[in-house]
Amino acid sequence: MQSLDKKNASAIKKSDVSIAKNYLTEDEIRLLGLLVEQYLAFAETMAQQQTPMYMNDWIKRLDGLLELNGRELLTHAGKISHEMALEKSYIEFEKFRLAQVANQKEQSLKELEQDINDLKKKQK
C-alpha cells in the first residue's frame, strides 16, 4: 500500500489550478525554458557590454524574441477576466477532486478485498 505522505506529496491542491504553467505539457515546458534561456542570454550580453537598458527596451526586446520564435504577441487583455478564469478552474478542480475521492475509495476497497483474500488463503 502507498503511504499517506507519498499520496499527499503529489496531490493537486486548489491553489495549484490558478497557475497556468502547472498544466503545460513536457514539450511546452521545455519550449518555455528555451525562451527564458534566450532572454537571459540576451540580458547577460547587455550586462557584459554595459549597455544601459530601460524597462521599455526590455519589453521591446522580449516582444522581438517572441516574434523571432514564431510566437503570437498578446496585444489585448483577452476575452476572459482573471476572475472568470479562476471561477472556471475552481469548478473544474472540484469535479476533479470528487472523481479522485471516488477513485481512491474504489482503490481502497480493492486493496481491502485483496487483503481479505490473502488472509483467507493463509488460513487454509
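**Exercise 1. Classify Glu 94 as buried, partly exposed or exposed, and find which residue it pairs with in a salt bridge.**

Step 1. Glu 94 has a relative accessibility of 32%, so it counts as partly exposed (buried is under 20% relative accessible area, exposed over 50%, partly exposed in between, with a 1.4 Å probe and protein chains only).

Step 2. The partner of Glu 94 is Arg 97, with 2.6 Å between the closest N and O atoms. A salt bridge here is a side-chain nitrogen of Lys or Arg within 4 Å of a carboxyl oxygen of Asp or Glu.

Step 3. Arg 97 is also partly exposed, at a relative accessible area of 33%.

Step 4. Both residues belong to helix H4 (residues 82–123); they are three residues apart, so about one helical turn separates them. Helices (H or I, at least four residues) and strands (E, at least two) are DSSP runs, numbered from the N terminus.

The model is predicted: local features need pLDDT of at least 70, side-chain atom pairs count only at pLDDT 80 or more, and totals for chains, interfaces and linings use all residues. Residues are numbered from 1 along each chain as its sequence is written, and side-chain values use heavy atoms, leaving out hydrogens and water.

**Exercise 2. Describe the salt bridge between Glu 106 and Lys 110.**

Step 1. The closest N and O atoms of this pair are 3.4 Å apart.

Step 2. Glu 106 and Lys 110 sit four residues apart in helix H4, about one turn of the helix.

Step 3. Glu 106 has 42% relative accessibility and therefore counts as partly exposed; Lys 110, at 48%, is partly exposed as well.

**Exercise 3. State the geometry of the Arg 30 and Asp 27 pair, and how many salt bridges the whole structure has.**

Step 1. The N to O distance in the Arg 30 and Asp 27 salt bridge is 2.7 Å.

Step 2. Both residues lie in helix H2 (residues 26–48), three residues apart, or about one turn.

Step 3. Arg 30 is partly exposed because its relative accessibility is 45%.

Step 4. Searching the whole structure gives six salt bridges.

**Exercise 4. Find which elements have the lowest and highest mean pLDDT.**

Step 1. The chain has a mean pLDDT of 85, and 89% of its residues reach 70 or more (pLDDT is the predictor's confidence in each residue, from 0 to 100).

Step 2. Among the elements of the chain, the lowest mean, 44, belongs to helix H1 (residues 4–9), and the highest, 93, to helix H3 (residues 55–68).

Step 3. Over residues 1–9 pLDDT stays under 50, and the model has three contacts beyond four places in sequence for them (contact means heavy atoms within 4.5 Å).
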